[in-house]
Amino acid sequence: MSFFYPYIKISIHEYTGDRLKRSEAYAAVEAYLSVNSTKFAKRLKAEMGKDCSNLVLSMDEYERVTDEFRGVKVWWVSSKLVSPSQSMYPQQERRYYKLTFHKSHREMITEAYLQHVVREGKEIRVRNRQRKLYTNSPGYKWPSYKQTMWSHIVFEHPATFETMALEPEKKKEIIEDLVTFSKSKDFYARIGKAWKRGYLLYGPPGTGKSTMIAAMANLLNYDVYDLELTAVKDNTELRKLLIETTSKSIIVIEDIDCSLDLTGQRKKKAEKSSDDEKEKSEKEIPRKDLKEEASSKVTLSGLLNFIDGLWSACGGERLIVFTTNYVEKLDPALIRRGRMDKHIELSYCSFEAFKVLARNYLKLKAHPLFGKIERLMKETKITPADVAENLMPKSPLDNAETCLSNLIQALEEVKEAEAFKTEKEEEAAACDDNLRKKQLRRKAEEEAA
Ligand SMILES: Nc1ncnc2c1ncn2[C@@H]1O[C@H](COP(=O)(O)OP(=O)(O)OP(=O)(O)O)[C@@H](O)[C@H]1O
Ligand SMILES: [Mg+2]
């Protein structure tokens, strides 16, 4: 029977190897068949597609469809193996597709047809792709269940560069930089560099660093990997996380200055002056208390290797973004060009930036109160987050006028507070001066005596 049987079968399993990583070939075939089989298959299954607005159909288990390629007929079956449950593990299903074709077409099917399936399947997947937000969630994971180091949800942040309050030239520059990067595959190959780019976003709290990351992801249609360094056990785990990121993604490390004591290896703690301690942001204090931090052994060199070591080149088309409130605290090696190629400072709200917010929040292009706001903005420092909060209508009766006057009031308060602060500082300085003068005089008197 097997001698005369004229057909050849190829199976494509969902999980291969011991890493339990979902096979790309399976995913591509699944996508290909979801489009090419739905017309003929009689039993389909439906899953929620992009934007949760439509259902994507694919072949149900044990369903059989035929496909035709250059006049040759082939058969696809979707099937699964159920391994019996063992005491510790629940029952496991291993799904696979099986392709059957006549042996006389062996060459054509194994080369041209399969290539065609994979190429088309990949294209379909890109089209149907829902973008994801990944995180390396801390906590205990059951090793055999763990199919990947990252857990994810659907990425649905609404921020775009259009809604971001930034000076127009700066915005344009950043957008162009990003778009150029995403189209430079050949360029990077030619100059012999891994296809990745590092961005350092720095500035005071509430100036739009996190918002900009979301806008970048939306602009380029990338996934986001939000890496929580304190939850990474050691450098090896950091590398594993890196390997499991896909291309077309942004790897984000927020608040890099307080994630870990990364400078610990270079400067000993004892050398830190007490002034330095005082300056530490509030964010740092609760994090220091976390147990994970004590157990995290990620070092500066581990992180440097993560960014541009040999492993970082796998995958390609990736952005690495760091955010920080204190750029001066970071190790120069961490932010040198080549690791963090582009440094973007996000600062207090300028009048140009305010106009973007006014247009978004109040649909205003101009208003008689704008003049006063412009003047006040030149004299004070206010974050875009504060401006946005003031422009937000607080009751159904609020209109543009009340929102703008709220903002003016806030600006005046900030101005007063600043004036008060400088006055106090001057006083303190004068006090110091007097004290020093007194001390000098006393010293002189003593010496004279
Ligand atoms: N440049 C901006 N354009 C538009 N909205 C902004 C901008 N900056 C801040 N906001 C608003 O302020 C809020 C806080 O901003 P965001 O979380 O991006 O600040 P951040 O710089 O990441 O702060 P932190 O350093 O504390 O993490 C956001 O919800 C956003 O709506
Ligand atoms: Mg932030």
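Reader: At what angle do helix α3 (residues 168-182) and α5 pack, and how far apart are their axes?

Author: Two packed helices are described by the angle between their axes and the distance between the axes. Here α3 and α5 pack at about 45 degrees, with axes 11 Å apart. Axes are lines fitted to C-alpha atoms, for helices over the stretch in contact, and angles run from 0 to 180 degrees between N-to-C directions. Helices themselves are DSSP runs (H or I, at least four residues; strands are E, at least two), numbered from the N terminus. One caveat: this is a predicted model, where local features need pLDDT of at least 70, side-chain atom pairs count only at pLDDT 80 or more, and totals for chains, interfaces and linings use all residues. Residues are numbered from 1 along each chain as its sequence is written, while chains are lettered from A and ligands numbered from 1 in the order in which they are written.

Reader: Which word describes how α3 and α5 lie to each other?

Author: They are oblique. Angles under 35 degrees count as roughly parallel, over 145 as roughly antiparallel, 65 to 115 as roughly perpendicular and the rest as oblique.

Reader: And how do α14 and α16 pack?

Author: Helix α14 (residues 370-379) and helix α16 (residues 400-448) meet at about 25 degrees, axes 10 Å apart. That makes α14 roughly parallel to α16.

Reader: What does UniProt place at residues 397-427?

Author: A "coiled-coil region", from an unreviewed entry; such annotations may be inferred rather than shown by experiment, and positions follow the numbering used here, with feature names shortened. In the model, that stretch is 90% helix and 0% strand, with its end C-alpha atoms 45 Å apart.
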